[in-house]
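Dear colleague,

I am passing on the structure that we discussed, and I would be grateful if you could look through it alongside the notes below.

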Amino acid sequence: MATAAETTAPRHERIHDEISNRIIEIVANIAAEEGAHKVTVQKIIAQLGVTNRVFYNRFANIDEVLQIVYRDAVRHMRESFQPDFHDKASFEQFCLNTAVSVLMQTYDVKMQFRRYVFEHDSLTEENRIWWYSKIKQYFQYALEQGFAKPVDADALCYAIWCFCRGYYADAISRRLSREEAIRYCTIGFTCLLHGVIA
């Protein structure tokens, strides 16, 4: 039975309660196990044992929940980004570790959002801008310290973004093993770094 809050809440204002959190958790689990494209309202309400109305009183559609789950996954990746370097060698290792770490996390969550993200450019664009700003910030540091060759920073940031995004998408779509993907990424990204590191 719907509560008063459920029946009176405006559609544009999401109800924040335990059921909302449970819906987000169920969507994250389905996405991880089957892929984001397999998430349906029917699967969610079957697990919750409630009606469609309970879902739609909280969310406009599945896409709204997927955006929350995707943004949580992105936030988790960003939080794991820990700059730790003090010289040229540790800076180079930091860059390589970051590329490989993102790849491992992508594999760990089974890249449940690969199709979803490529279909939602606004989410991808926001993520690109965040990483682009970080890459540019650390490239500027490397230049100031004499670790990097002077190259067009915008072109470099774009190239690194394209390498990583394209590499992850291809490695996962071809179902490379996690170990193979990490090895190939390490070799490829090391070559890219050696073209920049002075």
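The notes that follow go from the overall fold to the nonpolar cores.

Please keep in mind that this is a predicted model, in which local features need pLDDT of at least 70 and side-chain atom pairs count only at pLDDT 80 or more, while totals for chains, interfaces and linings use all residues. Residues are numbered from 1 along each chain as its sequence is written, and side-chain values use heavy atoms, with hydrogens and water left out.

The protein has 10 helices and zero strands, where helices are DSSP runs of H or I with at least four residues, strands are runs of E with at least two, and both are numbered from the N terminus. Of its 198 residues, 41% count as buried, that is, under 20% relative accessible area with a 1.4 Å probe, protein chains only. Among contacts (heavy atoms within 4.5 Å) with a separation of 6 or more, 69% join residues 24 or more positions apart.

A nonpolar core here is a set of buried Ala, Val, Leu, Ile, Met, Phe, Trp, Tyr and Cys residues joined through side-chain atoms within 4.5 Å. The largest one has 38 residues, and Phe-91, Leu-103, Tyr-168 and Phe-189 have the most contacts inside it. Two or more residues come from each of α6 (88–108), α8 (121–145), α9 (153–173) and α10 (178–194), with α9 giving the most, 10 residues. Leaving aside residues up to four places away in sequence, Tyr-168 touches Ala-99, Val-102, Leu-103 and Cys-185. A second, separate core of 17 residues includes Ile-23, Ala-36, Phe-59 and Val-69.

With best wishes

How values were computed
Buried < 20%, exposed > 50% of the residue type's maximum accessible area, 1.4 Å probe, protein only.
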